[in-house]
Amino acid sequence: MPSRHTARALAATEENRNRPLMVATGALAAIALLWALLATAAQAETPQGGTYVIDDTHVHASFKVSHVGFSSTIGNFDTVSGDIVINADDLTASTVNVTIDTASIDTAHKERDEHLRNADFFNVAEYPEMTFTSTAIEVTGDNTAKVTGDLTMLGQTHPVTLDVTLNKAAEHPFSKKYVAGFSATGTLDRTQWGMDYGVPAVGSEIELLIEAEAMRQE
């Protein structure tokens, strides 16, 4: 029976002998992961054409605004609907239409939400909806685009441009329906729509953060 010292030496020799194999296996795994990521990215580049309806259980129309410079207030609209028509042959000919229920505003604070619903801000009694209708789409990358559209709020319409990323377009593993998922960001100056209450203590520039999944209609 080999001594303990000899056994350790043999084990070290075996480990050194197997190290190139371990390194090669790790490299192959990394290459496989890279190919999987590239395949997913490529998949996002070519969504199927057709009409997609926004999934109201997987859409977040959120905003962020400065509060006296101390922090930012973040809110969300809980009721969002709309459709996206994708022209697979010419993505610039695609369209986006979204409707938001202004009374569904939610900043996780009841009194503040009630104030946001009154005439100082969204005036939901007179303007229960705001809408976004695309007017131009500029493809900026394999899965990115700038989407410009008319935002109608408080009875006024002004253009807003969103930076949009197509995250993934594929058959959903649960519903088995073809789904496209998007992320979008942008900014607007709320005073353009006549919403100037609290400026400058409450910021005039609003950051927009949108996450949405939409199901292709058969």
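## Basis

The model is predicted: local features need pLDDT of at least 70, side-chain atom pairs count only at pLDDT 80 or more, and totals for chains, interfaces and linings use all residues. Residues are numbered from 1 along each chain as its sequence is written, and side-chain values use heavy atoms, with hydrogens and water left out.

## Strand pairing

Strands are DSSP runs of E with at least two residues, numbered from the N terminus. Two strands pair if DSSP finds at least two bridges between them.

β1 (residues 50–67) and β10 run antiparallel, joined by nine bridges. Within this pairing, V53 has M215 of β10 as its bridge partner. β9 and β10 also run antiparallel, and eleven bridges join them. Here T185 is bridged to L209 in β10.

## The nonpolar core

The largest nonpolar core holds 42 residues. Such a core is a set of buried Ala, Val, Leu, Ile, Met, Phe, Trp, Tyr and Cys residues joined through side-chain atoms within 4.5 Å. Buried means under 20% relative accessible area, exposed over 50%, and partly exposed in between (1.4 Å probe, protein chains only). F77, F122, F132 and V160 have the most contacts inside the core.

Eight elements need naming: β1, β3 (80–86), β4 (95–101), β6 (129–139), β7, β8, β9 and β10 give two or more residues each to this core. β1 supplies the largest share, six residues. In soluble globular proteins, nonpolar side chains tend to be buried together.

F77 has a list of partners beyond its neighbours within four places in sequence. They are A61, F63, I100, D101, T102, S104, I105, F122 and M130. Contact here means heavy atoms within 4.5 Å.

Two residues have a positive phi without being glycine. L154 has a phi of about 55 degrees. It is found in the loop between β7 (144–153) and β8 (156–171). L154 is buried, with a relative accessible area of 14%. K176 has a phi of about 65 degrees. This residue lies in the loop between β8 and β9. K176 is exposed, with a relative accessible area of 52%.

## A cis peptide bond

V199 and P200 are joined by a cis peptide bond, with omega about 10 degrees.

Note on methods: Helices (H or I, at least four residues) and strands (E, at least two) are DSSP runs, numbered from the N terminus.
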